[in-house]
Amino acid sequence: MQYHEVCGNIHIHTIHSDGTGRVADVARAAQQASLDFAIITDHNAYHPEQAGWYGRTLILVGEELHDPARPHANHLLALGAGRDLAPVEGTLQQRIDAVRATGGLAFLAHPIDRSGSYADEPEIHWVDRDVNGFHGLELWNYMSEFKSHVRSRLTALLFAHWPILAMRGPYPETLQLWDSLLEREMIYAIAGSDAHAKSYAMGPIRRTVFSYGHLLRAANTHLLLQEPWSRSLAHDEALVYEALAHGRGFIGYDQLAPTQGTQLLAEDGTNDYTFGETVHTPGQIWFRVQIPARGSIRLLQNGAPVAVSRGRSLAYKVDTPGVYRLEVYRRYMGRQRGWIFGNPIRIVRNENCAG
Ligand SMILES: [Zn+2]
Ligand SMILES: [Zn+2]
């Protein structure tokens, strides 16, 4: 199938909660960043009236849900629910169930959160782990990671002017958490910017370090759509959520280098499968990876690397079932940094087809 790749940014706050910009400001920054879509998710606030096409960018509206009585735990991104779910009371499971009941998608936000010793902000983890029914997790939350690296006034000043020096990729613990969830079922990953466009005092200066313009160019979610845009809000919104529901896409840290065109294919000799898909096969599968610039490519099976390659491609023959996913790192200023994280392809042995 011929898919249509789009690049978007998810998890953005506006003045409807604790962000500083209006929807129009987000839309302008998203167009300037050449994004195809962006999804606003204010805290317990849902204002879909400003969703729509703004120039080249589709602006969608979801919601970031949490218990108002317990604000520092269990944040949940509700995407495509089509209604305000803030009034839903109760547990995280009840919120997940409420999102599902609408036909929407539930993604656990910043499941492992870290506050740097310099940032005076609470850590907001996914605490209630014994839940089910969610579609995925925010594997990489850009702002959460950024603040974790700020440990002194010096690093604050340095990273404020040169944020790319700070960023390393999703936490290893979050990748492990994802792999452990994948042992049970397909759980899909997105990146979130958690953009608020707040200004911070950094030593002697005060500056909007984390402007929408910066954050909307950083950790993006690329999706493979079944059809090209029609520029009808309802139609195009459904395309985005269909791709998110099936994990058909990857996380790309586009600030490090553009990731558009990244491919992960599993070929069984008859069909090609891509991100998020399950292959039932009695035989061998060839995995093929293509990336748009040089990087350190790793193919992982059930969380363990089984093939590595430096360059722009990797080919690897697989004959054991498992969950296979793609990671790519790229060197910048003396450090390998997370660049591309692909949703998995699952290989299931189908003995009935044997012979
Ligand atoms: Zn949050
Ligand atoms: Zn948030």
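## Helix 1 and its packing

The buried residues of helix 1 (residues 23–32) pack against strand 1 (4–12), strand 2 (37–43), strand 3 (52–54), strand 4 (57–65) and helix 7 (212–215). Helices (H or I, at least four residues) and strands (E, at least two) are DSSP runs, numbered from the N terminus. Packing here rests on contact: two residues are in contact if their C-beta atoms, placed from the backbone, lie within 7 Å. This is a predicted model, where local features need pLDDT of at least 70, side-chain atom pairs count only at pLDDT 80 or more, and totals for chains, interfaces and linings use all residues. Residues are numbered from 1 along each chain as its sequence is written, and chains are lettered from A and ligands numbered from 1 in the order in which they are written.

Val23, Val26, Ala27, Ala29 and Ala30 are the buried residues of helix 1. Viewed down the helix axis they fall within an arc of 165°, so they line one face of helix 1. The arc is that of the directions from the helix axis to the C-beta atoms. A residue is buried if 20 or more other C-beta atoms lie within 10 Å of its own, exposed if 12 or fewer, and partly exposed in between; C-beta atoms are placed from the backbone. Just after helix 1, Ser34 has a positive phi of about 60°.

## The nonpolar core

The largest nonpolar core has 100 residues. Such a core is a set of buried Ala, Val, Leu, Ile, Met, Phe, Trp, Tyr and Cys residues joined through C-beta atoms within 7 Å. Val26, Ala38, Phe107 and Ile251 have the most contacts inside this core. Strand 16 gives the most to the core, with seven residues. At least three residues come from each of domain 1 (4–253) and domain 2 (263–353).

Ala38 touches both Val26 and Ala30 of the sequence, once neighbours within four places are left aside.

The protein chain divides into domain 1 (4–253) and domain 2 (263–353). These bounds come from an automatic or database domain assignment. Over C-alpha atoms, the domain centres are 25 Å apart. In the interface, 23 residues of domain 1 are in contact with 18 residues of domain 2.

On the domain 1 side, the elements giving two or more residues are strand 7 (136–141), helix 5 (163–166), helix 6 (172–182), strand 8 (188–192) and strand 12 (249–253). Strand 12 supplies the largest share, five residues. That side divides into 14 nonpolar, six polar and three charged residues. Ala, Val, Leu, Ile, Met, Phe, Trp, Tyr, Cys and Pro count as nonpolar, Asp, Glu, Lys and Arg as charged, and the others, Gly among them, as polar.

Side chains alternate along strand 13 (residues 263–267). Leu264 and Ala266 point to one face and are buried.

Strand 13 runs antiparallel to strand 16 (residues 285–301), joined by five bridges. Gln263 stands opposite Gln290 there. Strand 14 (residues 272–273) is also antiparallel to strand 13, with two bridges. Two strands pair if DSSP finds at least two bridges between them. Glu267 faces Asp272 in strand 14. Four residues lie between strands 13 and 14 in their hairpin, where Gly269 takes a positive phi near 95°.
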